[in-house]
Amino acid sequence: MVIAANIEKARKISHKAAKLGKIIGFVPTMGALHEGHLSLVRRARKECDFLIASIFVNPTQFGVGEDYRRYPRNFYRDKKQLRAEGVDLLFSPGANTMYPSSGGTSVYAYENDLSSLLCGKSRPGHFKGVCTILIKLFNIVRPDIAYFGQKDYQQTLIVKKLIKDFNFPIKIRVLPTIREIDNLAMSSRNAYLKGQARKSSRCLYEALILAKELIESGQRDSKRVISQMKQLVKSRELARIDYIEIVDAENLKRVNRIKGKVLIALAVYIKKVRLVDNIILNVKK
Ligand code: AMP
C-alpha cells in the first residue's frame, strides 16, 4: 500500500492506474476505522482493480462547537487495517493540503434540495462541507466507483445528486449499516460512549425496531409511530432527541400516511455525543 499525503502524488498514482485500464474504487473516510468502513473497503476490493481509501477529517463539514478537534484519530491503526484489506493507495492529506487558505476555500458546492432537512437542520453547512470535500477528492483520485454507507443515508442521496449534477463519471454503491452486537450502528463517535452512555445508545435502534413493528402490525399514521419512538427514547437516561422523522426515501419529505419506500431516521444526543441511525421500509399498502 502506497501512502500519499500530498495531492500530486495521489493524483499521479491514481491516474497511472486508470491509464492501465484499471477500474478504480474509492472509499472516502474520516478515519478511526471500524467494521462499517471495512465493509465498504472489502466490497470495493472485490469489485475494483485498484483500490483507494482516503482518511481526512474534513474541517468544513463540522459546525462551530462540534467535535472537529476531538474527533477520534488513530492513523497508525487505520493504516495497518487498510494495508491488511489490500488497499493500493491511502490518501491522507493534512488540513493545510486540502484547504491551504486557513481552513476554508473560496468556492463551495451547495446542494439545495435535501441539505436543509433531517441532519441539515441541526447541522447547517454540514452538507456544504461534505459536497465540497467530495468534489475535491473525486477530482484528485477520479474513481470509477465510490462506496458509501447507508448509515448516512441523507448523505448518499446528496452525493448521488452531486455526481449527477456535476457530471462526474462515477458509480456509487450504498452498503448496509454494520452494527455492534447490541445493534448500535458502528460509528467512530461510539468511542466517546462509556458506561451508562453506551447502554443508553441502544435506544436508537430500539426505536427503529419499535417503528418497524408498529408499521408491520398495521399502523400507518406516522405521527403515532413517531410519538411512540419519542416516548421510548425519552425514557432512556442521558438521551436527548435531535429529530425523529418518517420521510419519503427519495425526496426526504415528511409523510403523514406511511406508504411506499419510507426512511425512518433519527438523531439522538447521548450526553454530548450525537448519534444517527435509520432504516428503510417498503410498505406495500
Ligand atoms: P466517516 O468516516 O464517518 O465519514 O464514514 C465514511 C464512510 O463509512 C461513509 O460512507 C459512512 O456512511 C460509512 N459508514 C460509517 N459507519 C458505517 C456503518 N456502521 N456501516 C456501514 N458504513 C458506515
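This is a predicted model: local features need pLDDT of at least 70, side-chain atom pairs count only at pLDDT 80 or more; totals for chains, interfaces and linings use all residues.
Asp 165 counts as exposed, because its relative accessibility is 53% and exposed means over 50%. Although Asp 165 and Glu 111 are 54 residues apart in sequence, their C-alpha atoms are 9.6 Å apart in space.

Asn 167 is not a glycine, and yet its phi is positive, at about 55 degrees. Asn 183, in the loop between strand 6 and helix 8, likewise has a positive phi, of about 80 degrees, without being a glycine. Asn 183 counts as partly exposed, because its relative accessibility is 30%.

The loop between strand 6 (171–175) and helix 8 also holds Ser 188. Is Ser 188 buried or exposed? Its relative accessible area is 6%, so Ser 188 is buried, given that buried means under 20%. A polar atom of the Ser 188 side chain lies 3.2 Å from the backbone oxygen of Gly 31, and a polar atom of that side chain lies 3.1 Å from the backbone oxygen of Ala 32. When residues up to four places away in sequence are left out, Ser 188 touches Gly 31, Ala 32, His 34, His 37, Tyr 71 and Pro 72.

One of these partners, His 37, leads on to the ligand, for it is among the closest of the 16 residues that surround the ligand, together with Met 30, Asp 152, Ile 178 and Met 186. Which elements supply at least two residues each to the shell around the ligand? They are strand 2 (24–29), helix 2 (35–47) and strand 5 (145–149), and the largest share, three residues, comes from helix 2. Sorted by class, the shell has eight nonpolar residues, six polar residues and two charged residues.

The ligand can also be followed atom by atom to the backbone of the protein. An oxygen atom of the ligand is 2.9 Å from a polar backbone atom of Met 30, while an oxygen atom of the ligand is 3.0 Å from a polar backbone atom of Gly 149. On the nitrogen side, a nitrogen atom of the ligand is 2.9 Å from a polar backbone atom of Met 186. Taken alone, the ligand exposes 490 Å², and the protein buries 93% of that area.

The last stop is helix 9, which has 14 residues, 203–216, and reaches 20 Å from its first C-alpha to its last, close to the 20 Å expected at 1.5 Å a residue. Its buried residues are Cys 203, Leu 204, Tyr 205, Ala 207, Leu 208, Leu 210, Ala 211, Leu 214 and Ile 215.

Notes. Residues are numbered from 1 along each chain as its sequence is written. Side-chain values use heavy atoms; hydrogens and water are left out. A residue is near a molecule or strand if one of its heavy atoms lies within 4 Å of it. A polar contact is a pair of N or O atoms within 3.5 Å; within protein, one must be able to donate a hydrogen and the other to accept it, and residues adjacent in sequence count only if both atoms are side-chain atoms. Accessible areas come from the Shrake-Rupley method with a 1.4 Å probe; for residues, only the protein chains shown count as cover. Helices (H or I, at least four residues) and strands (E, at least two) are DSSP runs, numbered from the N terminus. Ala, Val, Leu, Ile, Met, Phe, Trp, Tyr, Cys and Pro count as nonpolar, Asp, Glu, Lys and Arg as charged, and the others, Gly among them, as polar. The expected span of a helix is 1.5 Å times one less than its number of residues. Buried means under 20% relative accessible area, exposed over 50%, partly exposed in between (1.4 Å probe, protein chains only). Contact means heavy atoms within 4.5 Å.
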